[in-house]
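Keep the viewer open as you read.

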Amino acid sequence: MIEERFAALAATMRDLTALAPRIEAWGRHLAEVLGAGGRLLACGNGGSAAEAQHLTGELVGRFVNDRQPLSAIALHADTSAATAIVNDYGDQEVFARQVRAHGRPGDVLVALSTSGRSQNVCAAAKTAHELGITTWALTGPGPNALTSVSDDAVMIDAPSTGTVQEAHLAVIHGLCAALDEALGVPS
């Protein structure tokens, strides 16, 4: 069983190599946005929330080598705001309301959903689009609802949610490497 999971991951990673130019372009764009004082917002549910927080941690902290901290917010991580929004406005609004609060035109939203159907993540992407925020989706197989409301997407065609999430982590690390390279951070 484990061998089958590893084989599926290896096949997915081989396929992911073709997306390297897109991830590098995202890194260059993000370097421009963050270098000019913009911010990255990230959202997802469950394992995708963990991936979103991993991304923001790499930006506020560092990926490999030291650099200035960059503005990045994992929207689910503010539990007081999230629970108040869910209580007062419903779970569909939990990320969209935070995008309205924290996002500015020119910022970037990274929206993660293994299914591509998470309604609260899709609502955040729609809100970001309305505000002039660039939206990138990381999803499982597509097309799906999230990719249809995002400016660009990396869709992982993998047999299991776990493999999609593992590939998303590789994309996040690739994005961080491309960003640091664009910022001139020594590797």
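Five strands form an open sheet in the order 2-1-3-4-5, with parallel pairing. Strand 2 (72-74) and strand 5 (152-155) are the edges, each pairing on one side only. From one strand to the next, the twist averages 15°. Strands here are DSSP E runs of at least two residues, helices are H or I runs of at least four, and both are numbered from the N terminus. Two strands pair if DSSP finds at least two bridges between them.

This is a predicted model: local features need pLDDT of at least 70, side-chain atom pairs count only at pLDDT 80 or more, and totals for chains, interfaces and linings use all residues. Residues are numbered from 1 along each chain as its sequence is written, and side-chain values use heavy atoms, without hydrogens or water.

Strand 4 (residues 134-139) runs parallel to strand 5, joined by four bridges. W136 stands opposite D152 in strand 5. Helix 2 (residues 20-35) packs on the sheet, touching strand 1 (40-43), strand 3 (108-113), strand 4 and strand 5. Contact means heavy atoms within 4.5 Å. The direction of helix 2 makes about 135° with that of strand 5. Axes are lines fitted to C-alpha atoms, for helices over the stretch in contact, and angles run from 0 to 180 degrees between N-to-C directions.

Next, a loop. G106 lies between helix 5 (94-102) and strand 3. G106 counts as partly exposed because its relative accessibility is 34%, and the partly exposed class lies between buried (under 20%) and exposed (over 50%), with a 1.4 Å probe and protein chains only. Leaving out residues up to four places away in sequence, G106 touches V33, G132 and I133.
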